[in-house]
Amino acid sequence: MKTAWRFNAALLVSVTTLLGGSGARADGTNPYHLEANVVSPFDYTGVVTSPAPYHHVVFGGDTSFDVAIQGMSTGGQKVWFDVRPISPATDIRGVILSGGANARVPACANGNPASGGYVVQVEVQAYHLGTWTPIGWVKYAHVDNINVNNGAVIPKAFSFATASWNYDGSCSTAPHVHMEPYNYRHYACYTNRSPFAYYDTLARVGGGRLGLQQCP
Ligand SMILES: [Zn+2]
């Protein structure tokens with residue numbers, strides 16, 4: 001089950017704020033190779049149902065994989081943006097780039113949400129020496145009940161949606177969450193750890209990897 005710190009982190013931003021017009025958005029630079037752990041989106045033990053790197057990339061990620069809750073269908077439960085800083089980064093925040101509640105993006109090519117819900121793209125920004133640096137993004141597909149709009153800034157642990165119950169077989173045959181991490185510069189890595197706990201890392205974004213690989 002979720003930990004207190006997850007609850008507290010979500011409560012810190014009960015009302016999301018809109019990103020200002022500063023020029024600090026993604027320009028692909030990450031001079032300190034700031035890096036972050038992309039943690040399980042679930043509150044329960046999960047399993048990798050289709051591993052990286054061979055699972056299909058459909059939203060432009062460096063790689064992709066499918067995850068589901070172990071021993072139960074993945075439908076209706078909270079889906080978390082849970083990304084944690086790796087030193088020297090000291091904090092992480094997310095920015096909803098697309099798929100927010102004010103502009104939903106269907107997860108399936110046929111455009112029908114009943115075929116697998118929606119997809120949300122969350123930019124990962126790392127904090128270091130007074131500056132937020134965009135280091136990459138994570139896409140989460142097959143979600144519903146999205147509670148943030150495009151442009152919203154969310155803390156490093158925030159439940160932004162629920163897992164979709166909607167699967168008619170058109171593009172998905174069983175409940176799961178499809179995840180795609182991407183680095184703006186260099187490459188993401190993946191773990192394929194399975195089963196995994198709610199606090200386990202599934203991938204990393206940022207850093208200076210010269211190719212797609214398993215995380216160290
Ligand atoms: Zn998938």
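1. How many bridges join E6 to E7, and do they run parallel or antiparallel? Seven bridges join the two strands, which run antiparallel; strands here are DSSP runs of at least two residues, numbered from the N terminus, and two strands pair if DSSP finds at least two bridges between them. Ser 98 stands opposite Gln 121 in E7.

2. This is a predicted model, in which local features need pLDDT of at least 70 and side-chain atom pairs count only at pLDDT 80 or more, while totals for chains, interfaces and linings use all residues. Residues are numbered from 1 along each chain as its sequence is written.

3. The chain averages a pLDDT (the predictor's confidence in each residue, from 0 to 100) of 87, and 87% of the residues score at least 70. Over residues 1-27, however, the pLDDT is below 50. Where pLDDT is low, the predicted coordinates should not be read in detail.

4. E7 also pairs with E8 (residues 131-144), in the antiparallel sense and over 11 bridges, with Trp 132 in E8 as the bridge partner of Tyr 127. Two residues lie between the strands of this hairpin, in which Leu 129 takes a positive phi near 55 degrees.

5. E7 is largely enclosed by the rest of the structure, because nine of its 11 residues are buried, a residue being buried if 20 or more other C-beta atoms, placed from the backbone, lie within 10 Å of its own, exposed if 12 or fewer, and partly exposed in between.

6. Ala 114, in the loop between E6 (91-98) and E7 (118-128), is partly exposed, because 14 other C-beta atoms lie within 10 Å. The C-alpha atoms of Ala 114 and Asp 168 are separated by 6.5 Å, although these residues are 54 apart along the chain.

Methods:
Helices (H or I, at least four residues) and strands (E, at least two) are DSSP runs, numbered from the N terminus. Two residues are in contact if their C-beta atoms, placed from the backbone, lie within 7 Å.
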